[in-house]
Amino acid sequence: MTQISTSVDGQEMLQEIVRLIVEKYQRQQKEQLQKQKQKEEEGCKPLKRPYDPWHARLQDLVQFQIEHRHCLVPYRYPKNQALACWVKKQRYAYKQYLKQQQEILTSGTSSISTSMEEKRIKILDELGFVWDSHQAKWEQMFRELLGYRKNHGDCDVPAKYPPNKPLGLWVTRQRITRREAGTNMSHTVAKRIVMLESIGFMW
């Protein structure tokens, strides 16, 4: 997601963006409800407005985005654990959706069921939803390594680095991952190695 300024103007712009996204979703829900109402009236049945838990959690995510300027909700988030669980479920549902679409593409049908749908994917994408939290975390640590390099002139972060203990552990883990991967490394590992070596990382 494009980095937005932390100034007052930047925050107001972000709030306007997420407001438009939510309004768009609410408009779609209203249209769906109106269609349902019309069907109910034609059948002379009473209409009950359905509770939409997905939309309720989306509102929570919007609030999180406004407060933190990103959608990377921690796995453990005491302030709103329901949101953390919901975010995890969206990632799983998205993986199932991709598998489902692949099966449909290859065989014309699929036995995989998922709550994820194209409309929801688009809404979450517009909000800056993080589908791969592991990759997002790796990129965050890579940026912190760039900051270390800028201040120290190299990437030789000590394993035990008091100013930033997670960075020291992360750097050590990258060396272990490369050593264990050997010559049969995955595309992701190979890509990360190229990124690290491009900034002078020493193995």
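Arg91 is in contact (heavy atoms within 4.5 Å) with Leu72, Tyr75, Phe129, Val130, Trp131 and Ser133, leaving aside its neighbours within four places in sequence. The residue sits in helix α3; helices here are DSSP runs of H or I with at least four residues, numbered from the N terminus. This is a predicted model, in which local features need pLDDT of at least 70 and side-chain atom pairs count only at pLDDT 80 or more, while totals for chains, interfaces and linings use all residues. Residues are numbered from 1 along each chain as its sequence is written, and side-chain values use heavy atoms, with hydrogens and water left out.

Arg91 is buried yet has no salt bridge, and Asp132, the nearest side chain of opposite charge, is 7.1 Å away. Buried means under 20% relative accessible area, exposed over 50%, and partly exposed in between, with a 1.4 Å probe and protein chains only. A salt bridge is a side-chain nitrogen of Lys or Arg within 4 Å of a carboxyl oxygen of Asp or Glu. For charge, Lys and Arg count as positive and Asp and Glu as negative, while His and the chain ends are not counted. A polar atom of the Arg91 side chain lies 2.7 Å from the backbone oxygen of Val130.

Arg120, in helix α4 (residues 118–127), is also buried without a salt bridge; its nearest side chain of opposite charge is Glu117, 4.0 Å away. Beyond its neighbours within four places in sequence, Arg120 is in contact with Trp54 and Ser115.

The whole structure holds two salt bridges, tabulated here.

| Pair | Closest N and O atoms |
|---|---|
| Arg57 and Asp60 | 2.9 Å |
| Glu67 and Lys79 | 3.1 Å |

Arg57 and Asp60 both lie in helix α2, three residues apart, about one turn of the helix. Lys79 counts as exposed because its relative accessibility is 61%, whereas Glu67, at 37%, is partly exposed.

Arg69 lies in the loop between α2 and α3. Its phi is near 65°, a positive value in a residue other than glycine. Most residues other than glycine have a negative phi.

The largest nonpolar core has 22 residues, of which Leu61, Val73, Leu83 and Leu124 touch the most other members. The elements giving two or more residues to this core are α2 (53–68), α3 and α4, and α3 gives the most, with six residues. Such a core is a set of buried Ala, Val, Leu, Ile, Met, Phe, Trp, Tyr and Cys residues joined through side-chain atoms within 4.5 Å. Leaving aside neighbours within four places in sequence, Leu61 is in contact with residues including Val73, Leu83, Trp86, Leu124 and Phe129. Apart from this core lies another, of 14 residues, among them Val171, Leu196, Ile199 and Phe201.

Helix α5 (residues 133–152) has 20 residues and reaches 29 Å from its first C-alpha to its last, close to the 28 Å expected at 1.5 Å a residue; the expected span is 1.5 Å times one less than the number of residues. Its buried residues are Ser133, Ala136, Trp138, Met141, Phe142, Leu145 and Tyr148, and what covers them includes α3 (81–107), α6 (165–181) and α7 (187–197). Asp132 caps the N-terminal end of α5, with a side-chain oxygen 3.2 Å from the backbone nitrogen of His134. After α5 comes Gly153, whose phi is positive, near 85°.

Definitions and conventions:
Polar contact = N/O pair within 3.5 Å; in protein donor to acceptor, adjacent residues only side chain to side chain.
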